[in-house]
Amino acid sequence: MKRTTPLRPAGVPRWERELARSIRSLDALAARFPGFAPTDAMREAARRFPMAITPHVASLIERPDFSDPVFAQFVPGAGELADAPWASADPLAEVPHSPFPHLVRRYPDRALLLATSACAAYCRHCFRKRVSAGRDAAIPDAELRAVARWLRAHPEIDDVLVSGGDPLMLPDARLARLLAALRAVPSVRVIRIATRLPCTLPSRVTPALVRLLRPPRGGPATFVSTQFNHPRELAPAALRACARLVDAGIPVQNQTVLLRGVNDDPATIEALCRTLYHNRIRPYYLFQADLVRGIEHFRTPLATGLAIMRHLRARLSGPAIPNFCVDPPGGGAKIELTPGAVEGRRRGGTLLRGCGGPFFYPDPVPRA
Ligand SMILES: *Cc1c(COP(=O)(O)O)cnc(C)c1O
């Protein structure tokens, strides 16, 4: 019997075909969600910052309006046009901390590589809107070689974060070259890949990708940092993608951005962290939104995050609790915010605030 030709065009992976079917305009979104009508302000926001919604993300939207936590994260909105006086394109001062166009150094022992400016789905709350709104794409091979030389000359850097954009938007061959360049630097002991694709395009996590990411024996440890912001994003396909990574020995940790109207209540963050933890994904950071142009409408008061942290402390196991952090404007290290545990000094001890009310913690008995 004659063999039939495969239905799939050889060489085009499923994730790339899904990417090609993404919604890239408000008119295409209106065609997909009857009942949704774009306004002039939304059209202006879509002109200022790029828009893309993968078929997977579109499938998570239940109501096509801004009360829907997935819709609100990915659909251009009027809020993006209303800037506060302190908003800047680069509040963390990444540009002045860049020895190369695609490398940021804000810490003595860590460096951040911006592998590409492309994403599968563009988050409206992105703190690097300046990158995605630019025309620049992936890091050129010549710059990658220069970065590797620079890392060899800076052996105090043992941890390289690879972000973007989304580094997993690079095709496998290109990603393999990038990883090989970093793994060839003896002083690099950890590589962390920051990606939202397990959430927005879970089909990207193919067995071939997992083989690429799995650290070679003796090579630097490899971690993946995801971004899940709402329990609804922990869809079966997304959890399967993360499980593939964890099964291969790649620890997965999650960074959540605290977003007004999306996840800024204790029950939502608790449900998110609990499900992440059940699925071997470590809740790592809860980020306060930055003072970035175009995201003012997503910001919450610090007290909101602190109240959420107090709630999590009372309800969740230790490994399920993220660190609540804010990035200081100007580019210093992240600042961790904790609900004030110390109420104040009392005679002979300290009054602490606990889940069940304040309690007195006495000083040690003075030694003779
Ligand atoms: C946040 C950040 C880091 C380090 O992140 P940690 O997970 O806290 O180690 C490194 N470089 C840059 C530029 C960062 O913004």
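In what follows, two residues are in contact when they have heavy atoms within 4.5 Å of each other. Please bear in mind throughout that this is a predicted model.

Let me begin with Leu113. Setting aside neighbours within four places in sequence, Leu113 contacts His102, Leu103, Ile139, Leu144, Val147, Val160, Leu161, Val162, Ser163, Leu178 and Leu182. The largest nonpolar core has 54 residues, and Leu113, Leu151, Leu178 and Leu213 are the ones that touch the most other members. Apart from that core lies another, of 19 residues, which includes Leu29, Ile53, Ala121 and Ala235.

I turn now to helix H13, which covers residues 302–315. Its 14 residues reach 20 Å from first C-alpha to last, close to the 20 Å expected at 1.5 Å a residue. Which residues of H13 are buried? They are Gly305, Ile308, Met309 and Leu312. Viewed down the axis of H13, these buried residues fall within an arc of 100 degrees, so they line one face of the helix.

Finally, the chain as a whole. Its secondary structure comprises 13 helices and 12 strands. For 368 residues, a compact globule would have a radius of gyration near 21 Å, and the 22 Å of the chain agrees with this. Buried residues make up 50% of the chain. Of the contacts with a separation of 6 or more, 75% join residues 24 or more positions apart.

Note on methods:
Residues are numbered from 1 along each chain as its sequence is written. This is a predicted model: local features need pLDDT of at least 70, side-chain atom pairs count only at pLDDT 80 or more; totals for chains, interfaces and linings use all residues. Side-chain values use heavy atoms; hydrogens and water are left out. Helices (H or I, at least four residues) and strands (E, at least two) are DSSP runs, numbered from the N terminus. The expected span of a helix is 1.5 Å times one less than its number of residues. Buried means under 20% relative accessible area, exposed over 50%, partly exposed in between (1.4 Å probe, protein chains only). The arc is that of the directions from the helix axis to the C-beta atoms. A nonpolar core is a set of buried Ala, Val, Leu, Ile, Met, Phe, Trp, Tyr and Cys residues joined through side-chain atoms within 4.5 Å. The radius of gyration is taken over C-alpha atoms; the globule rule is 2.2 Å times the number of residues to the power 0.38.
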